[in-house]
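Reader: I have a structure open and a few things to ask about it. Can we go through them one at a time?
Author: Go ahead.

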There are 2 protein chains.
Amino acid sequence: MFGPVMSSSVALSLRCAASGCQGIRRSIATVISGNKTSKLVRNRLKEEVDKMTSQFSGFRPGLVVLQVGDRDDSNLYISSKLRAAAEIGIDAKHVRLPNTATEDEVLRSIMSINENPSVHGLIVQLPLDSVNHIDSELITNSVSPEKDVDGLSCINAGKLSRGDLSNCFIPCTPNGCMELIRQTGVSVAGKHAVVIGRSKIVGAPMHDLLLWNHATVTTCHSKTPDLPGQVGRADILVVGAGRAEMVRGDWLKDGAVVIDCGINHVPDETKAGGKRVVGDVHYASANQRAGFITPVPGGVGPMTVAMLMENTVQSAQRFLLRR
Amino acid sequence: MFGPVMSSSVALSLRCAASGCQGIRRSIATVISGNKTSKLVRNRLKEEVDKMTSQFSGFRPGLVVLQVGDRDDSNLYISSKLRAAAEIGIDAKHVRLPNTATEDEVLRSIMSINENPSVHGLIVQLPLDSVNHIDSELITNSVSPEKDVDGLSCINAGKLSRGDLSNCFIPCTPNGCMELIRQTGVSVAGKHAVVIGRSKIVGAPMHDLLLWNHATVTTCHSKTPDLPGQVGRADILVVGAGRAEMVRGDWLKDGAVVIDCGINHVPDETKAGGKRVVGDVHYASANQRAGFITPVPGGVGPMTVAMLMENTVQSAQRFLLRR
C-alpha cells in the first residue's frame with residue numbers, strides 16, 4: 001500500500017527547483033516532447049536493424065502498407081510511415097489497390113502478403129476507400145496475428161486486454177503514450193489513471209496497458225456524467241476523446257501527467273490555411289496545473305509512427321527467433 | 001448529463017416503503033437472489049429449447065465438457081453442469097481423458113469435437129489434471145471460437161473488450177453478474193462502476209461488460225493503494241478478489257448495488273465440515289449500507305452454470321441461422 005506516489009507539492013518543488021522559481025509562484029508543466037522521444041526510439045531501432053543486418057547477412061525487417069483507393073489524408077500518413085521505415089533500414093513497400101477493388105480482392109492480397117516470409121509487418125491503411133462495400137473488421141482480422149503490427153486484430157486485442165502483453169502487438173498510439181509516460185520518470189504502478197475514450201485504436205488498449213502496468217484505471221466516455229470530477233482524481237490522464245480542447249486546466253489534479261491524443265482542426269484566421277491543430281486538452285490552462293504535459297502537435301502524433309516501426313522490428317526479431 | 005441515477009435517499013425511501021420502516025431507521029439491502037434468477041433463466045432456456053426441438057424436428061443443442069484427469073472439485077462442477085443441461089433439454093456429454101493424456105492428445109480430442117456438427121458448445125474444465133505439462137492457454141485457444149461457450153479464447157476476449165458484444169460469447173460469471181444487476185432495475189448506463197479484480201474469468205470481462213453497457217468503470221486490484229476510497233465512489237460494485245470478507249460495509253456508497261463473486265472457505269467449528277463459505281464482501285456490515293446485495297452462497301454461484309446454458313443455447317441458435 002502506498003499513497004498517491006509523487007505528491008503534487010514534491011512535484012511542484014522539483015519543477016520549481018528546475019526552473020529556478022521561488023515562493024508560491026506556480027511552475028508550468030514540464031513538456032513531454034514526442035518529437036524528441038520518437039527520435040530516440042527511431043535511433044535505437046536503426047541501431048537494432050543495423051545489428052540484425054550485419055548478424056544475419058543482409059536480413060532486413062519487411063513492412064507492407066496496403067492501401068485501397070487514394071485518399072489524400074491516407075497518402076500523407078503512408079508517406080510518413082514509408083519515410084520513417086527507410087530511415088531505420090526497414091524494407092517498406094506500398095501496395096495499392098484501386099478504389100474499384102472488391103472485398104475478395106483485398107482479402108486475396110492480404111493472404112498473399114501473409115504468406116510472404118520476407119514481410120514481417122502488414123498494415124491495412126484505414127479507412128478503406130472503395131466504391132464496393134468492404135467489411136473493414138473482416139479485413140483487419142485477416143491480417144496474420146504474427147504480422148499485425150497495428151495490433152488491431154481480435155486476437156491481439158484479446159491478449160492485450162487479458163494481460164498477455166509480451167506475446168502480442170500493442171496498438172501504436174497507446175504504446176507511444178506509454179513511452180511518453182515513461183519519459184517522465186513517474187512510475188505507473190499504484191497510480192490512479194483516467195482514460196477518456198474507449199476506441200479500438202486509442203482508449204480501449206490504453207486502458208489495458210495502464211491496467212497491466214498496475215495502475216488503477218478509470219475509463220470515461222461520452223456517457224460519463226461527471227467528467228471533471230473523474231479527471232480531478234487522475235495522477236495520469238490520457239485523453240482520446242476527439243473533442244477540441246474539451247479538458248480544461250481547472251479539472252486537473254495538481255501535478256498530473258497529461259497525455260493528449262487529440263488532433264483537431266479549429267478555425268484560425270491568423271494561420272495561412274485558416275485553421276490550426278489543437279488537442280483534446282486546453283493546453284494554455286492545463287500546463288498551469290499539470291506536472292507533465294504533451295503538446296499538440298509534437299506530442300503523441302510522432303510517437304505513433306515510431307511505435308509502428310518498433311512493432312515491425314519486434315516482429316522481425318520474433319521471426320528470426322522462430323527460424 | 002445526469003446525476004448518480006437513483007439517489008440513495010430515493011432508494012432508501014423505496015426500500016423503507018416496501019419494508020414498512022419509518023423515520024430515520026436504515027433499511028437493510030434488498031437481496032438479489034441468484035437461486036431465483038438462475039431458475040428464471042433456466043426456465044426460459046427450457047422453453048427456447050422446446051421450441052427449437054419442435055420447430056426443427058428433434059434438434060437439440062449439444063454441449064461437451066472435456067475433462068483431463070479426475071479432480072474432485074472438477075467432478076462436482078461438471079456434474080452440476082450436466083444436470084442443468086439435462087433439465088433444459090441440452091444434449092450434454094462428458095468426455096474424460098486420463099491424467100496421463102499429453103497435450104497432443106488433448107488437442108486432437110478438441111479438434112474432433114470442433115468438427116462435430118452436433119456439438120454447439122465445448123468447454124474444457126480447468127485446471128487440467130495431467131501428469132504431463134499441458135499449456136492451458138493453448139488448449140483454451142484451440143476451442144473453435146464458434147463453440148467457445150466459456151468465452152475464454154483470445155478471439156472472444158478481443159471482441160468483448162472492444163465492444164463487439166453481439167458477436168461473441170461472454171464469460172459465464174460476469175454474464176451472470178450482469179443478469180443479477182438487471183434484476184435490480186438499476187440502469188448501468190451513466191453509473192460509476194467499480195470492479196475489484198482483473199482475472200480472465202471474472203474481473204477483466206466484467207469491466208468490459210459494464211463499460212460497453214455505458215458505465216464509467218474503475219478497475220481495482222492488489223496494487224490499488226486506496227481501495228476503500230475507490231469502493232466508496234461505486235454506484236455498482238463487483239468484487240472478484242478471492243479474499244474472504246475483504247470489502248467492509250463502511251467502505252460502500254449508500255445504496256450501492258453490490259455483486260460478490262467470492263467463494264471462500266473459512267474455518268467455522270459450528271458447522272458440520274468445520275468450515276463455511278463466505279464471499280469477498282463482509283455481508284453483515286455491507287447489507288446495512290448497500291441498496292442491493294448478492295448473498296454467498298446463492299448469489300453469483302448459481303448464475304455461472306445458468307449462463308453457460310444460455311451461451312450453449314445461443315450457440316445452437318446461431319448454428320441454426322447459419323444452416
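Reader: Which residues touch the most other members of the largest nonpolar core?
Author: This is a predicted model. In it, the largest nonpolar core has 168 residues, and those touching the most other members are A:I236, A:L237, A:V258, B:I236, B:L237 and B:V258.

Reader: Take B:V258. What does B:V258 touch?
Author: Leaving out residues up to four places away in sequence, B:V258 touches B:L237, B:L252, B:V281, B:A286, B:A290, B:F292, B:I293 and B:T294.
Author: As a general point, nonpolar side chains tend to be buried together in soluble globular proteins.

Reader: Changing topic. How many residues does each chain put into the contact?
Author: Chain A gives 26 residues and chain B gives 26 residues.

Reader: And which elements of chain A supply at least two residues each to the side that touches chain B?
Author: Those are α6 (154-161), α8 (203-212) and β6 (216-220) of chain A. The most comes from α6(A), with six residues.

Reader: How does that side divide into nonpolar, polar and charged?
Author: On the side of chain A that touches chain B, eleven residues are nonpolar, ten are polar and five are charged.

Reader: In what sense do β6(A) and strand β6 of chain B pair?
Author: Antiparallel, over three bridges; the strand in chain B covers residues 216-220. As one example of a bridge, A:T219 has B:V217 in β6(B) as its partner.

Reader: Why do you say the copies meet through the same surface?
Author: Because 100% of the interface residues of chain A are also interface residues in chain B.

Reader: Now B:N156. Where does it lie, and is B:N156 buried or exposed?
Author: B:N156 is in helix α6 of chain B, residues 154-161. B:N156 counts as buried because 27 other C-beta atoms lie within 10 Å, and the cut-off for buried is 20 or more.

Reader: What is B:N156 in contact with?
Author: Setting aside neighbours within four places in sequence, B:N156 contacts B:P145, B:D148, B:G151, B:C168 and B:F169. B:T304 is 148 residues from B:N156 in sequence and 17 Å from B:N156 in space, C-alpha to C-alpha.

Reader: Last one. What domains is chain A divided into?
Author: Domain 1 (56-144) and domain 2 (171-301). The centres of domain 1 and domain 2 of chain A, taken over C-alpha atoms, are separated by 29 Å.

Definitions and conventions. Residues are numbered from 1 along each chain as its sequence is written. Chains are lettered from A and ligands numbered from 1 in the order in which they are written. This is a predicted model: local features need pLDDT of at least 70, side-chain atom pairs count only at pLDDT 80 or more; totals for chains, interfaces and linings use all residues. Two residues are in contact if their C-beta atoms, placed from the backbone, lie within 7 Å. Helices (H or I, at least four residues) and strands (E, at least two) are DSSP runs, numbered from the N terminus. Ala, Val, Leu, Ile, Met, Phe, Trp, Tyr, Cys and Pro count as nonpolar, Asp, Glu, Lys and Arg as charged, and the others, Gly among them, as polar. Two strands pair if DSSP finds at least two bridges between them. Domain bounds come from an automatic or database domain assignment. A residue is buried if 20 or more other C-beta atoms lie within 10 Å of its own, exposed if 12 or fewer, and partly exposed in between; C-beta atoms are placed from the backbone. A nonpolar core is a set of buried Ala, Val, Leu, Ile, Met, Phe, Trp, Tyr and Cys residues joined through C-beta atoms within 7 Å.
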